[in-house]
Structure formats: structure tokens, C-alpha cells
Amino acid sequence: MNPQIMLVSVVAAASIVFFGFLAYRMRLQSNYPDLANVPPLEDNSSLDEDLKDILAFIPMTEVQRIIERYMKYDAQIGDTVSFVNDQKRFILREFQNMPEAHKLISFLRQNGLDVDSWQDKIRYFWKMSPRFIKYEPSLANGGLTVMINKILETIPMDELHELLRQKVKYSASFRRFLLALRSKDFREFCTALESNDVLHHHYFWAKEGGLEITFAIELFNELYVYLTQTLIT
């Protein structure tokens with residue numbers, strides 16, 4: 001399996017979680033119908049192909065090098081990895097028991113996303129990724145904030161923006177994905193996240209443990225606004 005693809009799959013999975021919290025807190029008003037009433041695909045596009053096209057704009061070798069360096073030598077990232085390892089089975093169990101999550105996953109499948117394949121890649125990447133060795137600020141320092149900024153600096157943002165604009169125009173699967181982010185079903189998913197006591201506890205523990213939850217939420221808030229407003233106007 002391609003470790004570069006595995007790397008981005010982890011980011012994609014994390015995005016779904018944060019999108020839920022963010023969309024709910026933003027209290028966006030939506031007049032879109034239920035996903036069950038959305039017309040079928042009108043072309044041969046698929047989310048898998050959309051994602052491959054997007055990944056082609058990202059220098060994955062360099063991105064992977066940055067992430068692995070921070071996982072090995074940045075103490076805060078090391079704490080984050082330890083937290084995920086300790087709590088992931090409890091968090092995943094909550095999502096597995098959430099009907100709202102299953103409805104959205106089903107919609108992604110219908111739009112050509114190979115969910116099972118991505119899930120396998122995420123598991124493989126996490127199993128094979130390096131663990132924290134020691135704090136070495138000369139190699140990695142600044143935690144999640146600095147690591148993400150270093151990654152963003154490697155991405156040709158103008159070219160990627162133009163690609164996404166083309167996706168909005170020509171890919172029905174991508175348009176349906178954007179529709180899903182503003183649908184009633186997605187709002188119900190956000191409400192389920194917000195009202196889940198177990199996830200609230202994990203959020204509190206992560207924040208108390210010094211993990212950069214606030215920065216992560218702000219980051220995905222900006223991404224959500226970009227996908228649901230900036231990109232389509």
C-alpha cells in the first residue's frame with residue numbers, strides 16, 4: 001500500500017470529526033433537502049477519483065517527512081499520538097453506534113468513495129507510523145500549529161483552489177459531497193456529536209492534557225467555510 005495515501009487518509013478521517021463539531025457550532029442555516037432526496041449522480045465521476053486528483057497537487061513525500069519528524073521528536077505531537085492510542089477504541093465505538101454517522105458513510109459510498117479501502121489504509125498507516133523517541137527541538141518544535149503550517153507551506157494553494165473550482169463545475173460527485181456538508185443529515189450528525197457524553201469527556205481530557213484542540217477546531221472551521229461558502233461563490 002502507498003504510505004503517502006495512508007497519510008492523507010488519516011487527515012481526511014480527522015476532518016470528518018472536526019467538521020461535525022464546527023458545522024454545529026457555526027449554526028449555519030440550510031435549506032437543502034435530506035440526502036435521501038438528492039438526485040442520483042448525473043455523470044461518471046466518483047469521490048475516489050476526485051480525491052486522487054486533489055492528492056496529486058500535494059507533495060506527499062515532503063508532507064510525510066514533516067509528519068514523521070514531528071511524531072518522533074516533538075513532545076506535544078508525541079502526547080497526541082499517545083492520547084489517540086489510549087482512547088481510539090472508545091471513540092470509534094461511539095461512532096459505530098451512531099446512526100447519523102452510518103447515514104453519511106452510506107452517502108459517501110453512493111458517491112464512489114471506497115470507504116473500506118480507506119479504513120484499511122488508515123489502520124495500516126497508524127500501525128506503521130513512527131512513535132515518539134525524544135524531545136529534540138532542533139528537529140521538530142512547536143506542536144501541531146507549527147507542523148500544520150509547515151505542511152501548508154508545501155502545497156501550491158492557488159493551483160489547488162483552481163482545481164477545486166473545476167471540480168465544483170464538472171464533477172457531480174464533488175458537488176454532492178459539498179451538498180452533504182450542508183444537508184439536514186449532516187446537521188443531525190453534528191447534533192449527535194454535540195450531545196454525546198463520551199465524546200465530550202474525551203474532548204475535555206484532550207484539552208486538559210494540553211493538546212491543541214482549539215487550533216485544530218479553528219483550522220477545520222476555516223476549511224469548512226472554504227468548502228461550503230468561499231469555493232462555491
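1. Leaving aside neighbours within four places in sequence, with which residues is Trp 205 in contact? In this predicted model, the partners of Trp 205 are Phe 83 and Gln 87. Trp 205 itself belongs to helix α11, which covers residues 197-208. With a relative accessible area of 44%, Trp 205 is partly exposed.

2. The overall fold may be stated briefly. The protein chain holds 12 helices and 0 strands. Of its 233 residues, 42% count as buried. Among contacts with a separation of 6 or more, 91% join residues 24 or more positions apart. The chain exposes about 12,900 Å², of which carbon and sulfur atoms supply 56%.

3. Leu 231 deserves a point of its own. This residue is placed in the segment after α12 (213-230). Is Leu 231 buried or exposed? Its relative accessibility is 1%, so Leu 231 counts as buried. Not counting residues up to four places away in sequence, Leu 231 touches His 161, Leu 164, Arg 165, Val 168, Phe 174, Leu 178 and Tyr 226.

4. Charged pairs come next. Side chains of opposite charge can pair when their charged atoms come close. The whole structure contains 6 salt bridges. One of them joins the side chains of Lys 167 and Asp 50, at 3.0 Å from N to O. Because Lys 167 lies in helix α8 (residues 157-170) and Asp 50 in helix α2 (residues 47-55), this pair ties together parts 117 residues apart in sequence. Both partners are buried: Lys 167 has a relative accessible area of 10%, and Asp 50 stands at 3%.

5. Lys 167 also meets Asp 53 in a salt bridge, with an N to O distance of 2.6 Å. This second pair likewise links distant parts of the chain, Asp 53 being in helix α2 and Lys 167 in helix α8, 114 residues apart. Asp 53 counts as partly exposed, at 32% relative accessibility.

6. A further salt bridge is formed by Arg 109 and Asp 116, whose closest N and O atoms are 3.3 Å apart. Arg 109 is partly exposed at 41%, and Asp 116 is partly exposed at 40%. Elsewhere, salt bridges with shared partners join Asp 50, Asp 53 and Lys 167 into one network.

Methods. Residues are numbered from 1 along each chain as its sequence is written. This is a predicted model: local features need pLDDT of at least 70, side-chain atom pairs count only at pLDDT 80 or more; totals for chains, interfaces and linings use all residues. Side-chain values use heavy atoms; hydrogens and water are left out. Helices (H or I, at least four residues) and strands (E, at least two) are DSSP runs, numbered from the N terminus. Buried means under 20% relative accessible area, exposed over 50%, partly exposed in between (1.4 Å probe, protein chains only). Contact means heavy atoms within 4.5 Å. Accessible areas come from the Shrake-Rupley method with a 1.4 Å probe; for residues, only the protein chains shown count as cover. A salt bridge is a side-chain nitrogen of Lys or Arg within 4 Å of a carboxyl oxygen of Asp or Glu.
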